[in-house]
Amino acid sequence: MRRYGKHTDEDDIRVRPGRRGSRPRTRLRPKHEDAAEGFVLTVDRGRVTTLVDGRTVTAMKARELGRKGVVVGDRVAVVGDLSGEKDTLARIVRVEPRTSVLRRTADDDDPYERVVVANADQLAIVTALADPEPRPRLIDRCLVAAFDAGLDPLLVLTKADLAPAEELLAAYAPLGVRAVAARHDEPVAAVRHLLDGRVTAFVGHSGVGKTTLVNALVPERSRATGHVNAVTGRGRHTTTSALALPLPDGGGWVIDTPGVRSFGLHHVDPSRVIHAFPDLEPGTEGCPRACSHDEPDCALDAWVAEGHAEPARLYSLRRLLAARERREGD
């Protein structure tokens, strides 16, 4: 029995599609040249809040980005519904090249890097002078991470009305790090002018007043704050995700990050830390190969003895390199 008649034509024959469909596959992907530019404000369980043309737009990462992560501070290309209205969703199709990346690991033995923030140009390391007590080892580790990422460090000492700041300021003076002490009741006056025109990420362990300071700087976007446990002397985590907030009058951005109890430096190559010491770096030319800069044959000892740099600077460098090798709690 004939199914198609006497005079069949190719176009008359029915072709059953395969299991994967009949649509031809292609490796070409759209370039999205008309995509809008967005600035990532926060990331929460896969939802990315971005600022697009002054509107807050919720977006998802497009599948073609694969495993490439999107973090606070990223500049991204966004397509889809950019109205910012409720229940709308856009797509992030491209992450622009980053100018800086601040990373940390959970511990020095953990090889998995966590990107804290992208495209910041300043790192404000917030620590309390009392309640809880300062933790210089954690400060040192944050400084190493800042130098490694190419960020300008800023040491912010809070609760200056509870304890003097002179001793801690003197300990970090040889590093040339800008530092400021702020009273608990008036933190903005001491800090505000140091943030103008910059993207500043705030880091610090729980209970030091980091989020309280951010709330004072951007009062219309207050975040929850916690207290210090009277028994353990540790703060309670109240900030669970990083959030970028614009300073009033377009004066820059502050990025509040969750409180940390450790700052792993597994990702940091100790040889890069020396770049933050331009007065010491030329002296490393005479160092043996793979010199740790803290061994008998290190050329930096002679470099300092000849008067090219202050001894306190070499001591500070070695203290930071030692922080890279030791756990914060040791």
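Student: Are F39 and W253 buried or exposed?

Tutor: This is a predicted model, in which local features need pLDDT of at least 70, side-chain atom pairs count only at pLDDT 80 or more, and totals for chains, interfaces and linings use all residues. Residues are numbered from 1 along each chain as its sequence is written, and side-chain values use heavy atoms, with hydrogens and water left out. Buried means under 20% relative accessible area, exposed over 50%, and partly exposed in between (1.4 Å probe, protein chains only). For both F39 and W253 the class is buried.

Student: How are the rings of F147 and F277 arranged, stacked, tilted or edge-to-face?

Tutor: Rings of Phe, Tyr and Trp (its six-membered ring) pair if their centres lie within 6.5 Å; planes under 30 degrees apart count as stacked, over 60 as edge-to-face and the rest as tilted. The centres of the F147 and F277 rings are 6.1 Å apart and their planes stand at 65°, so the pair is edge-to-face.

Student: Which residue has its charged end over the ring of Y172?

Tutor: A charge sits over a ring if NZ of Lys or CZ of Arg is within 6 Å of the ring centre and within 35 degrees of the ring normal. Here the charged end lies 4.9 Å from the centre of the Y172 ring, and the residue is R319.

Student: What is the relative accessible area of H32?

Tutor: H32 is placed in the segment before β1. H32 is buried, and its relative accessible area is 15%.

Definitions and conventions: Helix = DSSP H or I, 4+ residues; strand = E, 2+ residues; numbered from the N terminus.
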